[in-house]
Amino acid sequence: MSEFADREQGDVLCLFDVDGTMTVARDVITQEMRDFMAKVRSKVVIGLVGGSDLVKIEEQMKNTARTDYDFCFAENGLTAFKGTQELETQSFLGFLGEEKMQKLVNFCLKHIASLEIPQKRGTFVEFRNGMINVSPIGRNCSRPERNAFEAYDKEHGIRKHFVGLLEKEFAGWGLKFSIGGQISFDVFPEGWDKTYCLRHVKAHGNFKKIHFFGDKTFEGGNDYEIFHSDETEGHTVTSWEDTREQLSKMLDIAL
């Protein structure tokens, strides 16, 4: 008997980005969406795949990421759970080494120091297990400041230009730079984008179809690679409400 025989389609997996797909960026999931996802889970197998670390994903999902979902992939799957069972992890520092890590971080901080943008706050480089997250405004900004920077960045391309400089400076290091969310971008080894989580999926499941839902599916966005993977069927969404609407039609769930 299949491990997910209790589902109507136990051989179908739906994977979801978090920010902008399951929640408003850096906000928590609504009770309305939680209730709807319980209906989705009765039909298919479901999982989360986010660039943030596990603590942030659990905050956004109100500590249900490993109980209400069959898989939870934090930092693109570099920290991975099947239910509450932790799977193998990887380390960006182990991949890069301290000497190169310092050169990378120093370059980022020097460039941020040279930027003239409307606001700067704190935590410009956040060290995570599988990547570093770089934010020109700083992750300590308020929500209004976050929203203002996102609008400013869309007009002036601050993050896009920053990534271009890094790609030139660190060519040959085997690094990938991926813009995500409102205020930052991630730096990680090539192949450690969200498609990394599919290694766990193949090792711990047998699915005939894998759907992926995300909002940053454009080139350079952190959903781009998994959206375009031959192993998935990609769905671009614009909000958690849009995710719900598309799932409702795909799985015939009444809203």
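How many residues does helix α9 have, and how far does α9 reach from its first C-alpha to its last? I looked it up: 12 residues, 240-251, and 16 Å, close to the 16 Å expected at 1.5 Å a residue. The expected span is 1.5 Å times one less than the number of residues. Helices are DSSP runs of H or I with at least four residues, strands are runs of E with at least two, and both are numbered from the N terminus.

I note that this is a predicted model, where local features need pLDDT of at least 70, side-chain atom pairs count only at pLDDT 80 or more, and totals for chains, interfaces and linings use all residues. Residues are numbered from 1 along each chain as its sequence is written, and side-chain values use heavy atoms, without hydrogens and water.

Asp-252 follows α9 with a positive phi, near 60°.

Then I turned to the rings. I found nine aromatic pairs (ring centres within 6.5 Å; planes under 30 degrees apart are stacked, over 60 edge-to-face, the rest tilted; Trp by its six-membered ring). Phe-16 and Phe-213 have centres 5.1 Å apart and planes at 20°, so they are stacked. Phe-16 is in β1 and Phe-213 in β10, so the pair ties together parts 197 residues apart in sequence. Both Phe-16 and Phe-213 are buried. Phe-162 and Phe-185 also have centres 5.1 Å apart, but planes at 75°, so that pair is edge-to-face.

Notes:
Buried means under 20% relative accessible area, exposed over 50%, partly exposed in between (1.4 Å probe, protein chains only).
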